[in-house]
Amino acid sequence: MRHRIITCVTLASLAFASATPPAAHAATEASTTKAAAVPGPGPRELMQQVSQNLLRELDANRAMYAKDPRQLRALVDRYLLPHFDTDYAARLVLGKHWRTATDAQRQRFVDAFYQSLMRNYGDAIVQFTADRMTILPFKGDPAAMTATVRTEVKRSNGTPVPVNYSMRGTPQGWKAWDVTIEGISYVKNYRTDFGAEIEQKGIDSVIKRLEAQNTSGATDPAVVPAQAAADKKSK
């Protein structure tokens with residue numbers, strides 16, 4: 001019986017292949033080749049490994065990380081920085097202003113933006129736990145060069161929180177370029193926030209504000225996750 005089933009499946013596959021136009025075959029093979037050319041694990045596997053390792057270490061030293069922002073930033077950097085496309089995210093945030101910025105302004109913005117992004121990301125996940133993280137089923141074309149890895153993480157009080165990572169394939173492997181927590185895209189909110197300020201005051205104003213916030217450790221109100229914002233309002 002098993003042999004008959006396998007034979008039927010094989011014949012059906014061959015019939016489909018013969019009915020598929022050569023151009024469709026070529027397009028499918030091309031996209032599959034592109035995805036296969038990205039070295040290392042796939043986007044879902046990569047973010048599962050990175051997230052679980054980060055959250056496990058956070059679990060082991062939660063009190064220290066909650067009290068020491070510098071240690072928390074170092075933890076996030078250790079696990080996420082090698083797999084985060086900082087330059088690509090910064091270009092998206094600046095949009096048209098990237099083209100008119102000088103090399104020095106671009107470098108300062110990339111550094112300040114990443115520090116701000118990871119500081120806010122660290123503040124958002126400090127109450128998340130590794131044993132309550134779920135990687136949700138992948139949706140999309142597995143051969144595409146972009147992907148969204150959807151996860152759900154529970155806070156220590158049991159509240160489920162959706163945390164999604166926007167990914168892109170690069171010659172160095174899959175890399176994240178945006179984090180969306182509770183429906184709030186960090187890159188989108190930064191872009192909206194910075195765009196208006198750059199138009200009014202120039203890019204140097206944004207860079208200086210980011211650098212000052214990074215030094216003081218202040219949370220950027222433009223990217224505070226929805227639950228954190230609600231908690232502040234209730235106080």
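In H8, residues Phe109, Phe113, Ser116, Leu117, Asn120, Tyr121 and Ala124 meet Tyr186, Tyr190 and Phe194 of H9, where contact means heavy atoms within 4.5 Å and helices are DSSP runs (H or I, at least four residues) numbered from the N terminus. By class, this contact of H8 with H9 has eight nonpolar, two polar and no charged residues; Ala, Val, Leu, Ile, Met, Phe, Trp, Tyr, Cys and Pro count as nonpolar, Asp, Glu, Lys and Arg as charged, and the others, Gly among them, as polar. The model is predicted, with local features needing pLDDT of at least 70 and side-chain atom pairs pLDDT 80 or more, while totals for chains, interfaces and linings use all residues. Residues are numbered from 1 along each chain, and side-chain values use heavy atoms, without hydrogens or water.

The axes of H8 (residues 103-125) and H9 (residues 186-201) come within 12 Å and cross at roughly 125°, the axes being lines fitted to C-alpha atoms over the stretch in contact, with angles from 0 to 180 degrees between N-to-C directions. H8 is therefore oblique to H9 (under 35 degrees is roughly parallel, over 145 roughly antiparallel, 65 to 115 roughly perpendicular, and the rest oblique).

What of H8 and H10? Their axes come within 9 Å and cross at roughly 40°, so this pair is also oblique. The contact of H8 with H10 has seven nonpolar, five polar and five charged residues. Residues of H8 including Arg108, Phe109 and Arg119 take part, meeting a set in H10 that includes Asp204, Lys208 and Glu211.

Notes: Helices (H or I, at least four residues) and strands (E, at least two) are DSSP runs, numbered from the N terminus.
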